[in-house]
Amino acid sequence: MPEGVTAPSRDCPLCPRLADFRNAARRREPTWFNSPVPSFGDADARLLIVGLAPGMQGANRTGRPFTGDYAGDLLYATLLRYGFARGTYEARPDDGLTLVDCRISNAVRCVPPQNKPLPAEVNTCRSFLAATIATMPRLRAIVALGRIAHDTLLKVLTLRAAAAPFAHGAVHQAGPLKLYDSYHCSRYNTNTGVLTDEMFRSVFARLKADLD
């Protein structure tokens with residue numbers, strides 16, 4: 001792929017399993033987005049949120065990260081609460097919601113089977129995340145939603161895993177950047193009590209205070 005490209009092409013062939021899965025979804029649901037999902041938000045934002053990958057019923061359907069599934073309900077409500085978004089989130093890309101000093105992306109841009117990308121797919125897609133970060137001159141804080149996002153960000157930021165272990169609420173310094181860890185805001189994590197709304201909000205309350 002060309003160096004510095006921040007997003008895969010619509011028909012990106014780099015991960016054959018994901019390309020096949022994407023093409024099958026296009027045949028089954030031709031009105032859905034069914035393509036690598038681009039980042040959402042301005043490149044001059046100070047905050048970047050990195051999720052795992054598009055959900056089948058969420059971003060893969062709508063074309064906007066975390067839009068159309070439960071994870072988006074919690075994430076966007078939290079961003080609105082702490083001033084990182086304005087408008088009304090209505091779970092569709094034309095709802096008029098905008099991000100404020102915030103950008104959202106994913107470790108893997110295409111929907112994976114069972115929401116589980118393979119390590120090779122995470123590795124392949126990392127170049128797009130690295131290029132996205134490189135386009136953000138004012139970036140100061142990154143939130144990793146889940147361990148896979150955390151681990152791929154360690155490689156992008158050249159942090160040693162032993163020096164920056166994943167833990168909900170942990171904060172790691174990477175030069176001028178701070179990396180904030182959170183459990184992923186998935187329905188499974190919230191339904192099982194792994195992540196509560198209060199736990200999730202606490203991550204954003206801390207980073208908001210740090211940025212201010």
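This tour visits the cysteines and then the cavity of a predicted model.

Before you select anything, note that local features need pLDDT of at least 70 and side-chain atom pairs pLDDT 80 or more, while totals for chains, interfaces and linings use all residues. Residues are numbered from 1 along each chain as its sequence is written, and side-chain values use heavy atoms, with hydrogens and water left out.

**Stop 1: the cysteines.** Search the whole structure for disulfides (cysteine sulfur pairs within 2.5 Å). There are zero.

Cys-125 is buried, at 8% relative accessibility. Buried here means under 20% relative accessible area, with a 1.4 Å probe and protein chains only.

**Stop 2: the cavity.** A cavity is a set of points on a 1 Å grid over the protein atoms alone where a 1.4 Å probe fits but cannot get out; lining residues have an atom within 4 Å of a point. The structure holds one of 30 Å³ or more. Volume is the space filled by probe spheres set on the points. For the largest cavity that is about 100 Å³.

Now select Cys-12, Cys-15, Leu-18, Cys-110 and Cys-125. Of the 14 lining residues, these lie nearest the centre. Color helix 1 (16-28) and helix 4 (119-134), the elements that give two or more residues to this lining. Helix 4 gives the most, with four residues. Helices are DSSP runs (H or I) of at least four residues, numbered from the N terminus.

Note on methods
Buried means under 20% relative accessible area, exposed over 50%, partly exposed in between (1.4 Å probe, protein chains only). On a 1 Å grid over the protein atoms alone, a cavity is a set of points where a 1.4 Å probe fits but cannot get out, and a pocket is an open set with protein on both sides within 12 Å along at least five of seven lines; lining residues have an atom within 4 Å of a point.
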